[in-house]
Amino acid sequence: MEVKKKILVTGGAGYIGSHAAVELLKAGYQPILIDDFSKSDSTLLLGVEKIVGEKLPFYKGDCAKREFLESVFQIEGLISGVIHFAAFKSVGESVQRPLIYYHNNISSLITLLDVMKDFQVKNLIFSSSCTVYGQPDQIPVKEDAPFKRAESPYGATKQMCERILEDSYSSYKVISLRYFNPIGAHPSGLIGELPLGVPNNLVPFITQTAVGKRDKLTVFGNDYNTPDGSCLRDYIHVVDLAQAHVKALEFLNQSKPANSFEAFNIGTGVGVSVLELIYTFEQITGVKLNYSIGPRRAGDVEKTYADATKANYQLKWKAGFSTSEALLHAWNWEKKLAGK
Ligand code: UD1
């Protein structure tokens, strides 16, 4: 029997990490999950196990703690690659509490790189974000667009992490995936987005309002320079995004012999406005959303969407799900959480 390649997945109990674990198993890898449950709990792990029909190796701990990471590498033996999802990601919280963002997001990456070097593990996929571009001068935005000053400490941590990875290229083979806006849930309805407390992101706010958990949704501004005045984003189904990680691992294994750093945009290439997204949600679910227009949110970028040509050609990856499918899957997940 062929031995499965072990892939360490930090942040494996989170939204994207859990979907990636499913896709890794489907592709024949053995995901080893790590999470400290600081922004998650065991709900998504249980969902993953239901989908794949087996229990996955899991370690509870903080990747910024060297002894913890070392113990995982020691116990697991040969690890063929790492996908580093574990990070804080709330733009607003990062403005309120910048130091915990710098500490958590930067020191966990540095510790991970150090331990990977000690155990001679080279392959790394890093969870980056379109936030690194700030408000790009040209959209769709390409990977070689300059990094503008980050709008938030969260954005700054992603820029700094990419810089650290670029500078360390001679010792590792790194792919940085710059996600646009991940939405949706697994089509099985067994895993999805599970924000702790009040959601910051648009889609969980929409589904929680629709299910009656929140009274009202506020659209943050309708006076932007866009066709309907609300912000434009590139909403990518979380399963498509998860599959991009599998493609990136294949790319590292096959096409990239030398140590290197490469960044790829992961998006659909289509800009969708906040109001369009609300309208599509109402159309496909038949639920009328209680929403009103409010002031702009500080730090919001007016419009951004991906030029994903590089990922399409080099990673042989393309988004497959439509926005409607993503919204429907998110809605099914929300209803399931509410027991409806
Ligand atoms: C931000 C980051 C992104 C990061 C993500 C993680 C930037 C530019 N983007 O995405 O890199 O990966 O957070 O959380 O830093 N909206 C409303 N009402 C709401 C919530 C949101 O109108 O209640 C609007 C926002 O103004 C925005 C759009 O919906 O135009 C999407 O917002 P959100 O889901 O929070 O994601 P981003 O801010 O785009």
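Which residue has a backbone N or O atom that lies 2.8 Å from an oxygen atom of the ligand? That residue is Leu-202.

## Basis of the model

This is a predicted model, in which local features need pLDDT of at least 70, side-chain atom pairs count only at pLDDT 80 or more, and totals for chains, interfaces and linings use all residues. Residues are numbered from 1 along each chain as its sequence is written, and side-chain values use heavy atoms, with hydrogens and water left out.

## Ligand site

The ligand is surrounded by 21 residues. The closest are Ser-129, Thr-218, Arg-233, Arg-297 and Asp-300. By class, the shell holds 11 nonpolar, 6 polar and 4 charged residues. Ala, Val, Leu, Ile, Met, Phe, Trp, Tyr, Cys and Pro count as nonpolar; Asp, Glu, Lys and Arg as charged; the others, Gly among them, as polar.

Helix H7 (202-211) and strand E8 (217-220) each supply at least two shell residues. E8 gives the largest share, 4 residues. Helices (H or I, at least four residues) and strands (E, at least two) are DSSP runs, numbered from the N terminus.

A backbone N or O atom of Phe-220 lies 2.9 Å from one. An N or O atom in the side chain of Tyr-154 is 3.2 Å from one. The protein covers 93% of the 750 Å² of accessible area that the ligand has on its own (Shrake-Rupley method, 1.4 Å probe).

## Helix H3

H3 spans residues 66-76. Its Phe-68, Leu-69, Val-72, Phe-73 and Glu-76 are buried (under 20% relative accessible area; exposed is over 50%; 1.4 Å probe, protein chains only).

Cover for the buried residues includes strands E1 (6-10), E2 (30-35), E3 (58-60) and E4 (81-84), and helix H5 (98-118). Gly-77 follows H3, with a positive phi near 70 degrees.

## Ser-40

Ser-40 sits in the loop between E2 and helix H2 (43-52). Its relative accessibility is 13%, so Ser-40 counts as buried. Leaving aside neighbours within four places in sequence, Ser-40 is in contact (heavy atoms within 4.5 Å) with Ala-13, Asp-35 and Leu-196.

How values were computed: Near = heavy atom within 4 Å. Polar contact = N/O pair within 3.5 Å; in protein donor to acceptor, adjacent residues only side chain to side chain.
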